[in-house]
Amino acid sequence: MVTIEIGGILERKLRRLAEMGLYASVAEAVREAVRSMLQSLDLRSLALELYVSRGSTLHYAAEFATRLSGAS
């Protein structure tokens with residue numbers, strides 16, 4: 001479990017979405033936002049960035065992309 005704090009305009013927008021019935025709760029809206037963000041990531045590009053610019057090993061970059069994609 002992860003605990004986060006959201007305030008200001010983001011909190012107000014999330015609460016409004018829940019109040020409108022689009023999500024059961026603010027927590028559900030946040031979970032959906034995180035799922036959407038993770039699905040939109042280009043894992044190959046991120047892995048390549050790790051390998052080329054950050055000096056990781058090719059094995060680590062491939063493992064990174066594989067684990068985030070949910071593949072085993």
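**The loop and the helix pairs**

R54 lies in the loop between α3 and α4; helices here are DSSP runs of H or I with at least four residues, strands are runs of E with at least two, and both are numbered from the N terminus. This is a predicted model, in which local features need pLDDT of at least 70, side-chain atom pairs count only at pLDDT 80 or more, and totals for chains, interfaces and linings use all residues. Residues are numbered from 1 along each chain as its sequence is written, and side-chain values use heavy atoms, with hydrogens and water left out.

Is R54 buried or exposed? R54 counts as exposed, at 63% relative accessibility. The cut-offs are under 20% relative accessible area for buried, over 50% for exposed and partly exposed in between, with a 1.4 Å probe and protein chains only. Between the C-alpha atoms of R54 and T66, twelve residues apart along the chain, the separation is 18 Å.

S56 is also in the loop between α3 and α4, but S56 is buried, with a relative accessible area of 16%. Leaving aside residues up to four places away in sequence, S56 touches L50, Y51 and A61, where contact means heavy atoms within 4.5 Å.

Now the helices on either side. The axes of α3 (residues 43-52) and α4 (residues 58-69) come within 8 Å and cross at roughly 155°. Axes are lines fitted to C-alpha atoms, for helices over the stretch in contact, and angles run from 0 to 180 degrees between N-to-C directions. That makes α3 roughly antiparallel to α4; the classes are under 35 degrees for roughly parallel, over 145 for roughly antiparallel, 65 to 115 for roughly perpendicular, and oblique for the rest. On the α3 side the contact is made by L43, L46, A47, L50 and Y51, and on the α4 side by L58, Y60, A61, F64, A65, L68 and S69.

Which residues make up the largest nonpolar core? The five are L43, A47, L50, A61 and A65. Such a core is a set of buried Ala, Val, Leu, Ile, Met, Phe, Trp, Tyr and Cys residues joined through side-chain atoms within 4.5 Å. Three of the core residues, the largest share, come from α3.

Last, the other pair. Helix α1 (residues 8-19) packs against helix α2 (residues 26-40) at about 110°, with the axes 8 Å apart. That makes α1 roughly perpendicular to α2. L14, R15 and A18 of α1 meet V26, A29 and V30 of α2.
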